[in-house]
Amino acid sequence: PALVTVDWGDRADGADIEFDLGPLARVSGTVLYDDGSPAPNVQVTVRGEDSGRVTISFSREDGRFEIVDAIFDDTVFVHATGTTVASDPLGPFSLSNEDLSDVRLIVFECTASIVGTVKLPDGSPAYAAQVSARPLDPNGGTVRMEKVGRQGRFELRNLKEGAYAIDVGPSGWDSGCGSDSWRPCGCPIRG
């Protein structure tokens, strides 16, 4: 066990006090989104199976995390959680031989869907029309496109949280990321 000596100096008996910290291990690695980009500010938890000890850290801007006070000679599970992300627990890992490094946690962002119906001016379904969702934030993700079904219904899935412009055009139409080049009813629909 590691020992730390504290010199109290002014104590009348002048005795030193020793604290037994026990053996500690280091767990480090990277938290990434499923697209491979770093996931910052994600809570990483190391849970000891044998000791029951839970140790928490947060990933930095580059996705790296480090926990320096895991219990040596414990079996641990590593898990990442946050307000919009989660990973499956990794493990069991044994900390009995050496530190655990280069753990890669893959987290998945919560996503949303936009569901709706597109109708022609006469009220009939706009079958095979194309609907696109373009994030208004330039760093908000990619444009999603989907064809309208026979009943005029569409669903744009796996959208990151944020505001989107919704464009509707004929099948095969390239929205130009929001251009107003096709105007079936005066202008594209904006959401």
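In this predicted model, E66 and R26 form a salt bridge whose closest N and O atoms sit 2.7 Å apart. E66 belongs to strand β6 and R26 to strand β3, so the pair ties together parts that are 40 residues apart in sequence. Neither end is tucked away: E66 comes out as partly exposed because its relative accessibility is 40%, and R26 lands in that class too, at 35%.

Searching the whole structure turns up four salt bridges. Besides E66 with R26, there is one between E49 and R47, with the closest N and O atoms 3.0 Å apart. Here E49 is partly exposed, with a relative accessible area of 45%, and R47 is partly exposed at 38%. Another joins D62 to R60, with 3.6 Å between the closest N and O atoms. D62 has a relative accessible area of 41% and counts as partly exposed; R60, at 47%, is partly exposed as well.

Zooming out, the protein chain has 15 strands and zero helices. It runs to 191 residues, of which 31% are buried. Taking contacts between residues at least 6 apart in sequence, 52% of them link residues at least 24 apart. The chain exposes about 11600 Å², and carbon and sulfur atoms account for 50% of that area.

Strands β4 (residues 43-48) and β5 run antiparallel and are joined by five bridges. Within this pairing, T45 sits opposite I56 of β5. Five residues lie between the two strands of the hairpin, and G52 adopts a positive phi near 80° there.

Setting aside neighbours within four places in sequence, V31 is in contact with P38, A39, V42, V44, S59, G63, F65, L105 and V107.

Definitions and conventions
Residues numbered from 1 in each chain as written. Predicted model: local features only at pLDDT ≥ 70, side-chain atom pairs only at ≥ 80, totals over all residues. Heavy atoms only, no water. Pairing = 2+ DSSP bridges. Helix = DSSP H or I, 4+ residues; strand = E, 2+ residues; numbered from the N terminus. Contact = heavy atoms within 4.5 Å. Buried < 20%, exposed > 50% of the residue type's maximum accessible area, 1.4 Å probe, protein only. Areas by Shrake-Rupley, 256 points an atom, 1.4 Å probe, with all protein chains shown as cover. Salt bridge = Lys/Arg side-chain N within 4 Å of Asp/Glu carboxyl O.
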